[in-house]
Amino acid sequence: MATNSVIGTKNKKGQVITDARQMMFEAPRTPSFYTGSEVIKEAIRRANVDVMIAYPITPQSEAAALIGELFAEGYVKEYFRGESEFAVMSECAGAAFGGARVFTTTAGPGTMRAMENFPMWSGARLPIQMIVTCRGINSPLSIQPDTLEIAYLLNTGMLVWHAETAQDFYDWILKGYIVSEEPDVHLPLALCCDGFFVTHTKDMVNLTPADMCLPPYDPYRSPVPCMDMECPPVRMMRDPFVMKSNYISYATHASWQQEVWAAVERSRKHTIAWIDGLIETENTDADVLIVSSGTAVSQGREAIRLLADEGIRVGLVKIKSLRPWPWQEIREATKNAKHIIVPEFNVVGWMAREIKASIPDSDRVVSGPRVGGGMTMPPEIIVSEIKNALGIRNAAMAGRGS
Amino acid sequence: MTQYKVLPGPEHFLPPAAASMGIRLPNPGEGHINGVIVPEEQAYEEAARQFLMAKVPTIFPGPLVLWAWNEKAAKKATAIRHLYETLKECVTPQQRAMLIPMPDYRPKYPKINPEVEINPNHPNLTIWHNKIDCCMFVGVHCHQANLSLKIIRGGTSCYTIAMCAQAGHEDAMLSFRDASVEKIMKLAEWVRKLKGTVKVSQVVSKSGASN
């Protein structure tokens, strides 16, 4: 983020470059009824983005196309379509190496195809923002919501946040740039949401004024040399130590990897300050807690309401950031829980595994209910899982309609 | 609350990054010593003390201050030269203040000349060769500084100080943040103020810099 010298000046679209804190926490908000894709467009309108590179894949195609409109209007300086997702992510790296604020969107098989680039982005300390509108990744083809791809992103060295609502999405796109461009962080951000559930449904979202935008990215605060005419990338790439076989080359590479993960750790302080904590909690003194991220949290809220009608009190932990992982917060929030229910929109239960690895007495964790391939998650199946954990008899959901 | 302390090594075959051990960076107006957040004033005094205690106190200026790529960099370079001259004036004849640049970050093969430069990929060579027991990084890009500081902590007993223009360095034993010309000059003032009050270290380490 640039220094204070540009605050109060106008960009070429007449937007006032505004202190990020003032823009996000103090500026008036206007309630607007938008789809998640439209919300992405409105956030990028205010994000002072230099380059957006697009490739069509459902369910992010609409957002990618809408950013094209922003380019036509002059809000984004450069916009083009890559040859594939792999090409897009490589081109994003090139733009970020050159000192641009970069934005892209992808989904499902596109995320998987581009995967090689993500540890490269982290290793090169490129603060690119990538929206991931999660969908099925395996054959047979599915374009429906499924969060399996997030599991693959968790060990890339990227920051990974998981939005529940369109409002999360709007705020976190803007705040994401602020956190990931901090010099002590300076890492790419995968901002994930559950495809269709967030991207293609309308919701009320409170928007900041359209005539305000974030300060521009200042590449000269980067923790690695910015590429320019004095420092072309060939100077960094010539004699790369990975091409040598000796102890010090290996040790340097290991230290380099440690430094990437150290930067993820450093992002905690900034993430907590900007998105108001890595988790949100409700009624954590209850015996039963629902702990999850994304729209599984929304379904959990409905399940809590249904159970309250029956006199069963259940608390909630919404995990907002997956990297950095809020293990301390989760330990604290779940310390009184006898049963920890983890609903997920994927078949493997990666969230439950992460939670089990973070808390004592991990047999308290119920890994489910889980759905995949685009199935919805009726709140009733969460209710059913909770009743099973409590030893309360309840009807099997699969029997409905027979 | 972490129990980990950022101390002179040799620490480990592959020491952890201090951030991963729970060490947090200081906020504006603060520094850290051994990973503990302290008021910045305390960091000046301790940095000056460590410089004056060392047999070979050394400044490692990096590309951000070695090249006059903007006006601020040129002014900082002048301030660093002033700090070096002050150090030379304030140490005893038995001590040897040095200034060794880190001109760029490329690994150099078969090896660097440790008499004339330090490289972030094997900074320990320069530390060992010159028997440096206290050093300060300034003007080094943060990523490369952290690599160097961690490798130095891993394999040598050298005390490390970071004069960082950004958020500071947990991998140093002592770190300033938001480094400016004024802060570098203030450190020089502290060195002058403590001149003659600090006893030179007699510690000899078998595997570190003080051999």
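A crossing of two helices is called left-handed if the near helix is turned anticlockwise from the far one by less than a right angle, and right-handed if clockwise. The structure is a predicted model, in which local features need pLDDT of at least 70 and side-chain atom pairs count only at pLDDT 80 or more, while totals for chains, interfaces and linings use all residues. Residues are numbered from 1 along each chain as its sequence is written, and chains are lettered from A and ligands numbered from 1 in the order in which they are written.

**Exercise 1. Describe how H4(B) packs on H5(B).**

Step 1. Helices (H or I, at least four residues) and strands (E, at least two) are DSSP runs, numbered from the N terminus; here the pair consists of helix H4, residues 123-130, and helix H5, residues 142-155, both of chain B.

Step 2. Axes are lines fitted to C-alpha atoms, for helices over the stretch in contact, and angles run from 0 to 180 degrees between N-to-C directions. For this pair the angle is about 50° and the axes lie 8 Å apart. H4(B) is therefore oblique to H5(B), given that angles under 35 degrees count as roughly parallel, over 145 as roughly antiparallel, 65 to 115 as roughly perpendicular and the rest as oblique.

Step 3. The crossing in which H4(B) passes H5(B) is right-handed.

Step 4. Two residues are in contact if their C-beta atoms, placed from the backbone, lie within 7 Å. On the H4(B) side the meeting residues are Pro123(B), Asn124(B) and Ile127(B), and on the H5(B) side they are Ser148(B), Ile151(B), Ile152(B) and Gly155(B).

**Exercise 2. Describe how H10(A) packs on H5(B), a pair that joins two chains.**

Step 1. The two helices pack at an angle of about 120°, with their axes 9 Å apart, which makes H10(A) oblique to H5(B).

Step 2. The handedness of the crossing of H10(A) and H5(B) is right-handed.

Step 3. From H10(A), the residues Ala251(A), Thr252(A), Ser255(A), Trp256(A), Gln258(A), Glu259(A) and Ala262(A) meet His143(B), Asn146(B), Leu147(B), Lys150(B) and Ile151(B) of H5(B). Ile151(B) is also among the residues of H5(B) that meet H4(B).

**Exercise 3. How are H8(A) and H10(A) oriented to each other?**

Step 1. Helix H8 of chain A covers residues 166-180 and helix H10 of chain A covers residues 247-275; their axes come within 10 Å and cross at roughly 150°.

Step 2. The two helices are therefore roughly antiparallel to each other, and H8(A) passes H10(A) in a right-handed crossing.

Step 3. Trp172(A), Lys175(A), Ile178(A) and Val179(A) of H8(A) meet Ser267(A), His270(A), Thr271(A), Trp274(A) and Ile275(A) of H10(A).

**Exercise 4. Is Trp161(A) buried or exposed?**

Step 1. A residue is buried if 20 or more other C-beta atoms lie within 10 Å of its own, exposed if 12 or fewer, and partly exposed in between, with C-beta atoms placed from the backbone.

Step 2. Trp161(A) has 28 other C-beta atoms within 10 Å and is therefore buried; its place is in strand S7, residues 159-162, of chain A.

Step 3. Apart from neighbours within four places in sequence, the contacts of Trp161(A) include Trp172(A), Gly176(A), Leu189(A) and Leu322(A). Trp172(A) also takes part in the packing of H8(A) on H10(A).

**Exercise 5. Is Ile386(A) buried or exposed?**

Step 1. Ile386(A) lies in helix H14, residues 379-390, of chain A, and is buried, with 26 other C-beta atoms within 10 Å.

Step 2. Leaving aside neighbours within four places in sequence, Ile386(A) is in contact with Val288(A), Leu307(A), Val314(A) and Ile341(A).

**Exercise 6. Summarise each chain as a whole.**

Step 1. Chain A contains 14 helices and 16 strands, whereas chain B contains 6 helices and 7 strands.

Step 2. The radius of gyration is taken over C-alpha atoms, and the globule rule is 2.2 Å times the number of residues to the power 0.38. For the 402 residues of chain A a compact globule would have a value near 21 Å, and the 22 Å of chain A agrees; for the 211 residues of chain B the rule gives near 17 Å, and the 16 Å of chain B agrees.

Step 3. Buried residues make up 50% of chain A and 52% of chain B.
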